[in-house]
Amino acid sequence: MALLALEDGKIFRGRACGAHGMVCGEVVFNTAMTGYQEILTDPSYAGQIVCMTYPHMGNYGVTAEDVESARPWVQGFIVREISERFSNWRGQMSLDRYLKEYNIIGICEVDTRALTRHIREKGAMRGCLSSLDGDPHDFIECARRAPTISEENWVYRVSCTQPFTIDFSPSEGRGARSESQGPHIVVIDFGVKRSILRHLRARAQRVTVVPAFWSAEEILQLKPDGILLSNGPGDPAILTNAIRTARQLIESERCPIFGICLGHQILGLAFGARAYKLKFGHRGANQPVKNLLTNRIEITSHNHGFALKDLPDELELTHVNLNDGSIEGFRHRKLPVFAVQFHPEASPGPHDALSIFDQFCALTSGHAQAH
Amino acid sequence: MPKRTDLKRVLVIGSGPIVIGQAGEFDYSGSQACKALREEGYEVILVNNNPATIMTDPESAARVYIEPLVPEIVEKIIVRERPDALLPTVGGQTALTIAVELARAGVLERYGVELIGASQRAIEIAEERLLFKETMEQAGLPVPQGGLARSLEEALEISRGLCYPILVRPSFTLGGEGSGVAHSEDELRSVAKRGLDLSPVHEVLIEESVIGWKEFELEVMRDRNDNVVVICSIENFDPMGVHTGDSITVAPAQTLSDKEYQRMRDWAIRVMRAVGVETGGSNIQFAVNPHDGRMLVIEMNPRVSRSSALASKATGFPIAKIAAKLAVGYTLDELPNDITRKTPASFEPAIDYVVVKIPRWNFEKFPGADTTLTTQMRSVGEAMALGRTFKEALQKAIRSLELGRLGLGGESERVLSAELIREYLERPNPERIFFIYRAIQTGVSIEELAHRTGIDPWFLAQIEEIAHQERTLRAHQGLEHIPGELLRQAKRFGFSDAVLAKIWNTSESAVRAKRLEYGIRPVYKKVDSCAAEFEAQTPYLYSTYEADECEAAPTARKKVIILGGGPYRIGQGIEFDYCCCHAALALRELGFETILVNCNPETVSTDYDTADKLYCEPLTLEDVLHIIEVENPEGVIVQFGGQTPLNLALALKEHGVPIWGTSPENIDVAEDREKFALILDELGVKRPRSGIASSAEEACRVAEDLGFPVLVRPSYVLGGRAMAICYDKSDLVHYIEEAACVSPAHPILIDEFLQDAIELDVDAVADGEDCVIGGILEHIERAGIHSGDSCCVLPPFTLSEALFEEVRHITRKLARRLNVIGLMNVQYAVQKEKLYVLEVNPRASRTVPFISKATGVPLAKIAAKVMAGLTLKELGFTQEPAVQGFHVKAPVFPFDRFFVDPILGPEMKSTGEVMGSGQTLGEAFAKTQLHLKSRLPTGGRVFISVNDRDKPAVVPIARALAELGFVIIATRGTAQALGQAGLDVIVINKVSEGHPHIADVIQQGQIDLIVNTPSGKRAHHDEAAIRIGAVKHRVPYVTTIEGAQALVEAIRTLKAGTLTVSAIEELQRRLCRYATNACRSSSDRLLKRGIGQGMPSVGPIT
């Protein structure tokens, strides 16, 4: 047996799966029907216990090809049903074994719909996931004592500590290319997903990934033709260093800057917009976003608990969420700086907004040629 | 972009009669589309000749034409109505074909009619295999290798570049008709030949077979801004090789990783763009090689489909409605998601449950037909179930099918031979799922099963989990000591109480009692299109065994639960769904909260806005009782959904459920032969004499007492199953040997057969006091042919007024005696001016919608209001409606799917019906004989061969045909009879007389019409060959003398060229007004009397 105790005193019971033990974190839900492996390994989920709304998880197993980082980052995993047997020609191991191998505590046979509705009504909140024996009230206490998502800096835990140039296998990088050719993009790693790097790389770029704590000066020394502020976990408002760095990079006017998700929030904050916590966030692969530049709808992948508001005049709203009207993207009216709240790299999710990488890479190529 | 204002009048083409491959789902999409267009202020002109549809109700369109669905008739309507646009995408293949033919003939251009929803080009690309293949290849999308052949030689040529097995698919046929797989050149010859014959353009696709690959479908929508969304992914449980309509299907896809799913989604979008579907919904099919993930595009339908109806019901996203709005210019982001009302339609539904659809077949109606499932669809209906897991949904779907199995498991330990199991595993067949379960129980491994069936191991493993659970359950001896947790677990695995009762060797009610003692009840969850991310406004629910939360939220309003009819099957079709919908609409008018329960995704009743609340649930006692427990309704209506809910009536009443209308006891009396016979005798009403026999000898004795011919049937089956007419003792003996086992436990029932009697169908409404007849229909065929398979005419055309009076009198007497409250159907036979009662059904009948369409009187609505407590007087329905002109209801048969002898008898075989109306009987009948694929000829060669009894009667028919210019061809016997009457006849060999014989000539396409009555005894091989040949080669045929007489009249009318079209409103304008008034005034009266409660929260129906 296992249970999930929420800070508001609500208890959901189920059966243990994955690793056994106890863990606390912010409980959130994701409505994507496929892509559990990408979700597990997305560093943006660090610190969170993720509930999947689709009941069957693990159907197609786990494969080394589909990870978004070196390991799963979720604190805990909540599902209705975990497949004992998987079936897919690429599957290498079962989801249950994968969770056990990476010591991720899971719970299954939970009424995940009831949990989702609870979070939708009450908002994302802390919870304690446990397969240990004990008084449920103690677990509720644990949930209450756990730090909130805004009290902990998860970015520094998930970011790389040393810069590196990405090294993909030739198949992923469309054949070997000389590292010295093409524009040079620096990615600030707040918890970057591999798919972002894959998409940059696939567009013939040289990519250097640097730690989140690097200063603007250090970054600019790499002579980037473009800078990408990556996705990542947690509350952007507490990342004061990163916001300062972003502001300095913008002010340097050295090269095009692009932000995704947390990177979008950091850029926005650097321009003086404000960030706020969404009641229960956007997490899923079906969110309609209107691209105001093309007037087209893009079905996009989302994973964010915070959003921007009050964009300053120098920023132009470029993307808006059609479900709740929230800000999904902006660009600077003069500078080559732009950002999106959603995940154009998808993984999991639809590829509707992939062309934004083309735009960014075109800008960086232009920059490389000009310099 | 807002809606277009340059369009005012839109023509919508429906899909016509229910046939295999094109069924009730198109009434669902069509009526949704009509409603959507009307909402936007467009004047809708509708043509559809299926009277049992909601879309042909006067409320659906400004003008409803119940006219033949052939281009020449639709053209007449265009000339009359001058629509600005034609929406061809909601009426299945029929509408697309007509639209393309009209476009090609220049009709649309001539009258300035714009095709909206799909362009001619897009339809052609999607329909013409080669063009589709080229288009896909140009777009860089892989398709199976192969080519298009227009002759057998070309087919063989193409096959040389491919490996067997090879797939053959004809262009432009319904539901994959004529498709087949060839494993050798010999097989290829025969399959290709048939495909070429069946294709209206004589074209087949010959291609590499992807049999055994995984099959997926995506339901996609696109708007004029090129926004594309995927509404639903569907994975077929059965691999490629079984038509998707014959496959168990699951939504969403279960075994695709996100990488694979997104690639499929990308391809789907590219297909939409390449084909050029500018607005609306399409269905795209993919095959995936399970071993290396290689993916191919198989086909696309640029229209709503059976799968899109399923996807709509599975997700809550109304594809047809949105498609109609996109067609008139809206974009997805301009339209709201009905279910959340706050978010736009431009999203992709996320679901948090599993949907399983299982087809329902009727092979037992076609003895001798091969039950192997192939690329040609042969199922006649389907059941859909929702559950939180695949296991739960699968179990619910199986019990929704009403096959007498209430889920997997609980079967006796009878050991099946390994050979038998293997046979039933490798050959796709309707029983396969049960054999898979048995195979798992006998220890066959998942690997072996996957290898033998091609079914994905994930699905098999889920079934294995169910089997393992059953083993755990069996380990517990008896119900008494079952721990609550185990019982709960069993319910979570989808086991029904009935199956658990079998496992524990106890009764269903004992399991139920034990379960309730533990407090184990299902909860209800909402279908909300967004996995609970937003609040759902639309109460569309399904049951599941979850511990935490029930979302049923019953209101305090007064409620009525209407039980639907479950999956369509021969004998219980769309007519009953029509009646259920009408009951819901009528009771909503009275202020009741209406709650529908049904599990058939091909229906209007399972549209979430037909009733106030919808439960997608199996129609079993267990499932229905739980809903009643939660909702606590004022009443439950079992009269409208056919036999399915009626079968529950007594049990529901025993549980204290208030059943509205005629009491279950009286329904039972009417259905129980012995009790009913006593009542008829008591009322002094004549009936055919009858007897019962428990052995062959006794049967002969009884039959001889009654006098041959006799009507025989087993006592344990209902609805005309295995019923036959025996003309002599040898017939009877043969019947007992072949069709029925007779024993004291299974006696057979023997009735006097009223030979050459005229049959009448009467529908009436009674309120306990009064009984008003809705219509009296005369059958064209003589008694002995199932009423559902007969052509019916309103008003009767041969009987005397005195006889009608007697019919009315007896009908009223029966209504009073059975205390009928609501609808009643009586079948009479008239023999030598004497009236006999054949049966009484105190419930909605198949003919109710037809009568309502012909007279303009909404019988089902009136009956529903009577059941709510209003009297016929209060409703203003006191007089039998007048009828203008003639209305014919003619059956449509699926023989072209089964290739068995298409003779008619007491067992129903038709899947649907068409209606024709005209000023003369000939005109009305002629309209029922115009189909896209077979038109009544107005000249040519008629082949006549009749049995001896019919020889005198066929002479005038032959003479009339000769006068109409037909050349008469006949076999020796008939030729002689005709020759003696002075007719010129060409004599042809019987099949047994050697070549060239009649079957050869039919095959060569030299016969245009066939009149062939069976010889009465069991069909001779010869006759069967002729009739099967007629079906295969689409030669119009008739197997009764009366049918032939009507046909002659029809041909005469066609030849005169006097066929006119008119909107149904024109025929019944006067009556319509009356009916509307009756409905309007009633709700006020009811409110005054304190029935119903306030106005419904949802706006009134327009």
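How many residues of chain B are in contact with chain A? In this predicted model, 46 residues of chain B are in contact with 44 residues of chain A, two residues being in contact if their C-beta atoms, placed from the backbone, lie within 7 Å.

## Basis of the report

Residues are numbered from 1 along each chain as its sequence is written, and chains are lettered from A and ligands numbered from 1 in the order in which they are written. Because the model is predicted, local features need pLDDT of at least 70 and side-chain atom pairs count only at pLDDT 80 or more, while totals for chains, interfaces and linings use all residues.

The model scores ipTM 0.96 and pTM 0.94. The pLDDT, which is the predictor's confidence in each residue from 0 to 100, averages 91 in chain B, and 95% of the residues score at least 70. In residues 1072-1083 of chain B the pLDDT is below 50, and this stretch has 21 contacts in the model beyond near neighbours in sequence. The pLDDT is also below 50 over residues 1086-1102 of chain B, a stretch with 28 such contacts. Where pLDDT is low, the predicted coordinates should not be read in detail.

## The side of chain B that touches chain A

Helices (H or I, at least four residues) and strands (E, at least two) are DSSP runs, numbered from the N terminus. The largest share of this side, six residues, comes from α9(B). By class, this side of chain B has 19 nonpolar, eleven polar and 16 charged residues. Here Ala, Val, Leu, Ile, Met, Phe, Trp, Tyr, Cys and Pro count as nonpolar, Asp, Glu, Lys and Arg as charged, and the others, Gly among them, as polar.

## Overall form of chain B

Chain B has 39 helices and 38 strands. Its radius of gyration is 28 Å, close to the 32 Å that the globule rule gives for 1102 residues, so chain B is as compact as a globular protein of that length. The radius is taken over C-alpha atoms, and the rule is 2.2 Å times the number of residues to the power 0.38. Along the principal axes, the C-alpha atoms of chain B fill a box of roughly 80 × 70 × 65 Å. Among contacts in chain B with a separation of 6 or more, 72% are accounted for by residues 24 or more positions apart.

Of the 1102 residues of chain B, 61% count as buried. A residue is buried if 20 or more other C-beta atoms lie within 10 Å of its own, exposed if 12 or fewer, and partly exposed in between, with C-beta atoms placed from the backbone.

## Nonpolar cores

A nonpolar core is a set of buried Ala, Val, Leu, Ile, Met, Phe, Trp, Tyr and Cys residues joined through C-beta atoms within 7 Å. The largest has 458 residues, and those with the most contacts inside it include Ile78(A), Ala99(B) and Ile562(B). Helix α20 (residues 574-589) of chain B gives the most to this core, with eleven residues. Apart from this core lies another, of 15 residues, among them Ala182(B) and Leu188(B).

Leaving aside residues up to four places away in sequence, the contacts of Ile562(B) include Cys580(B), Ala583(B), Ala584(B) and Phe640(B).

## An enclosed helix

Nine of the ten residues of helix α14 (residues 432-441) of chain B are buried, so this helix is largely enclosed by the rest of the structure. Among the buried residues of α14(B) are Arg432(B), Phe435(B) and Arg438(B). Their cover includes α13 (418-426), α15 (446-453) and α16 of chain B. Gly443(B), which follows α14(B), has a positive phi near 95°.

## Backbone details in loops

Two peptide bonds of chain B are cis, as tabulated below.

| Cis peptide bond | Omega |
|---|---|
| Phe708(B) and Pro709(B) | about -5° |
| Leu794(B) and Pro795(B) | about -5° |

Pro709(B) is in the loop between α25 (696-706) and β24 (710-714) of chain B, and Pro795(B) is in the loop between β29 (792-794) and α27 (801-817).

Asn505(B), although not a glycine, has a positive phi of about 55°. It lies in the loop between α18 (497-503) and α19 (508-517) of chain B, and Asn505(B) is exposed, with 11 other C-beta atoms within 10 Å.
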